[in-house]
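Subject: Handover of a structure and its findings

Dear colleague,

Please find below the structure that I am handing over to you. I would be grateful if you could read the notes that follow with the structure open beside them.

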Amino acid sequence: MWLTNSSIGRKVIMSVTGIALILFLTFHGCMNLVALFSEEGYNLVCEMLGANWYAVAATLGLAALVVLHFVYAIILTASCSTSSTSGTT
């Protein structure tokens, strides 16, 4: 599969997982921003996310994205350093 075999494909995986992580941080920041304006609103958000199965599934998915992002970062870094030591850039 070209996503895992080519350098461009690996970079696509890095960018997609990175965007997903940024979206998570944005969502998390917005949830915390609600706490500044409304205690009841924040409690509603916490109750909604804490009592549903999809919040647990999303947490597991996020953990998988973090691992995938780190693994591909290591792979890309290693391939870049091996290509620069062989005289090609």
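This is a predicted model: local features need pLDDT of at least 70, side-chain atom pairs count only at pLDDT 80 or more; totals for chains, interfaces and linings use all residues.

Residues are numbered from 1 along each chain as its sequence is written, and side-chain values use heavy atoms, with hydrogens and water left out.

Helix α2 covers residues 7-37, and helix α3 covers residues 39-50; helices are DSSP runs of H or I with at least four residues, numbered from the N terminus. The axes of α2 and α3 cross at roughly 145 degrees and come within 6 Å. Axes here are lines fitted to C-alpha atoms over the stretch in contact, and angles run from 0 to 180 degrees between N-to-C directions.

On the α2 side the contact (heavy atoms within 4.5 Å) is made by F27, M31, N32, V34, A35 and F37, and on the α3 side by E39, G41, Y42, V45 and L49. Eight of the contact residues are nonpolar, two are polar and one is charged. In this classification Ala, Val, Leu, Ile, Met, Phe, Trp, Tyr, Cys and Pro are nonpolar, Asp, Glu, Lys and Arg are charged, and the others, Gly among them, are polar.

Y42, in α3, touches M31, N32, V34 and A35, leaving aside residues up to four places away in sequence. The C-alpha atoms of Y42 and N32 are separated by 7.5 Å, and these residues are ten apart along the chain. Y42 counts as partly exposed because its relative accessibility is 28%; buried means under 20% relative accessible area, exposed over 50%, and partly exposed in between (1.4 Å probe, protein chains only). E40 is also found in α3 and is exposed, with a relative accessible area of 65%. Its C-alpha atom is separated by 44 Å from that of R10, 30 residues apart along the chain.

Turning to α2, I13 lies in this helix and is buried, at 14% relative accessible area. Leaving aside residues up to four places away in sequence, I13 touches L3, T4, L68 and Y72. The C-alpha atoms of I13 and L3 are 7.1 Å apart. I8, also placed in α2, counts as exposed because its relative accessibility is 57%.

Yours sincerely

Definitions and conventions:
Helices (H or I, at least four residues) and strands (E, at least two) are DSSP runs, numbered from the N terminus.
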